[in-house]
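I wanted a record of what I looked up in this model, entry by entry. The notes below follow the order in which I went through it.

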Amino acid sequence: MTAAPDLSAFRTTLARLASEDRFTGAVAATIGQEEVFAAAYGYANRAWRVPCGLDTRFDTASITKLFTAVATLQLVERGVFGLDTSVVDYLDLAGTTISPAVTPYQLLTHTSGIADDADEEAGERYEDLFVDRPTYAFSETADQLPHFVTKPPNFPPGQGCRYCNGSYLLLGLMIERASQATYRDYVAAHVFAPAGMARSGFFRMDVVEPDVAEAVEPIRDVDQRIVGWRRNIFSYPPIGDPAGGAYVTVGDLLAFHRALVAGRLLGPTLTAAMLAPHEVHSRELDVTRMTGYGFEFTVAANGRVRRYQKEGVNVGVSGLLRHYPDHDLTLAILGVGEDAVWEPVAAFDEAVAGD
């Protein structure tokens, strides 16, 4: 087995941030099949002071898109539709601003050019979608279409790369039409179950579920001192969708990665395609280093893959699944709060780089 990096500074960072009320969540890391770190910090429920544990389920925000990508590729493998199928024709979306040339490949790699519900790269906030419209009106995948299908596209299909939640909502609709099941039921049966993600699911905010962390953000005074906590119940639909909102434990997130790389979710060709860069999103000053989208994983490469990851962030939640191939090292971190995981992740990355 590859030697584990020295995680002592990472442990110290987590303990300090937790003591300062700046990290609430759970963390787990493995090398190969062996666990090298696992811990939980803070309160899953602040009102009742219930501590987080390794069995706590956290909202994954956009990490959910990984499950949508796998589900989509499973149906491609079965020949139900292709990576080059016209999305507009398949979903009967003629009359919208979505081009008939848009394909599942472009939706998966954020190269479709379609407008987004909330354009994160332009600084728009997802929660602002619900200022004038109640969150409870958006329970089904199709309910989200009015947020983006009449907005002008950002660029012609295949002529740019821009992160887009709407792309994954369309993929979710394709999954539903192809499988004749709801998106959530399909993912539960064909992604969570074969991956051994026994504690994962899509849970409604207005239904009591055990061991679910409550998503909150700090309320601060003029001096930036925390004076209270705000729940995210008015910033998010009541239940997750193909673009975000599945609940998992850190252990289940690692189980998903193991199942994916072991070929238990997809065949060899599309498994490899999930983990390789297809479209350049950005380049560092050294042009040999690029970051691009595989099939939803963000892949950093300089002639070979240095790491791949998927992050998620929304009001009240943040998380990351990251793999370092040189070390066969995988990190899963899920937190409460938009800013919860980023300082711990930086400390973990520093530990790996210094190994």
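**Entry 1**

I began with what covers the buried residues of helix 6, and the cover includes helix 2 (64-77), helix 5 (165-179) and helix 7 (250-261). I am working from a predicted model, in which local features need pLDDT of at least 70, side-chain atom pairs count only at pLDDT 80 or more, and totals for chains, interfaces and linings use all residues. Residues are numbered from 1 along each chain as its sequence is written, and side-chain values use heavy atoms, with hydrogens and water left out.

I noted the terms here. Buried means under 20% relative accessible area, exposed over 50%, and partly exposed in between (1.4 Å probe, protein chains only). Helices (H or I, at least four residues) and strands (E, at least two) are DSSP runs, numbered from the N terminus.

I then listed the buried residues of helix 6: Tyr 183, Arg 184, Tyr 186, Val 187, Val 191, Phe 192 and Ala 195. An α-helix has 3.6 residues a turn, so residues three or four places apart point the same way.

Helix 6 covers residues 183-195, which is 13 residues. From first C-alpha to last, helix 6 reaches 17 Å, close to the 18 Å expected at 1.5 Å a residue (the expected span is 1.5 Å times one less than the number of residues). I found a bend of about 25° in helix 6 at Ala 189, the bend being the angle between axes fitted to the seven residues ending there and the seven starting there. Gly 196 follows helix 6, with a positive phi near 75°.

**Entry 1: helix 5**

I went on to helix 5, one of the elements covering helix 6. Helix 5 has 15 residues and reaches 21 Å from its first C-alpha to its last, close to the 21 Å expected. Helix 5 is mostly covered, with 13 of its 15 residues buried. Gln 180 follows helix 5 and has a positive phi near 60°.

**Entry 2: strand 1**

How many residues of strand 1 are buried? I counted 7 of the 7 residues in 25-31, so strand 1 is largely enclosed by the rest of the structure. Both faces are covered: Gly 25, Val 27, Ala 29 and Ile 31 are buried on one side, and Ala 26, Ala 28 and Thr 30 on the other.

I checked the pairing next; two strands pair if DSSP finds at least two bridges between them. Strand 1 runs antiparallel to strand 14 (residues 329-336), joined to it by 7 bridges, and Thr 30 stands opposite Thr 330 there. Strand 1 also pairs with strand 2 (residues 34-41) in the antiparallel sense over 7 bridges, where Ala 28 has Ala 38 as its bridge partner. Strands 1 and 2 form a hairpin with 2 residues between them, and Gly 32 in the turn has a positive phi of about 60°.

Most residues other than glycine have a negative phi, and most peptide bonds are trans. I noted two residues here. Asp 21 is not a glycine but has a positive phi of about 60°; its place is in the loop between helix 1 (8-19) and strand 1. Asp 21 counts as partly exposed at 32% relative accessibility.

Glu 296 has a positive phi near 90° and is found in the loop between strand 10 (290-293) and strand 11 (298-301). Is Glu 296 buried or exposed? At 0% relative accessibility, Glu 296 counts as buried.

**Entry 3: the chain and its confidence**

The chain has 9 helices and 14 strands. Buried residues make up 54% of its 355 residues. Along its principal axes the C-alpha trace spans about 55 × 50 × 40 Å.

I finished with pLDDT, the predictor's confidence in each residue, from 0 to 100. The chain averages 92, and 95% of the residues score at least 70. Over residues 283-290 pLDDT stays under 50, and the model has 16 contacts there beyond four places in sequence (contact means heavy atoms within 4.5 Å). Where pLDDT is low, the predicted coordinates should not be read in detail.
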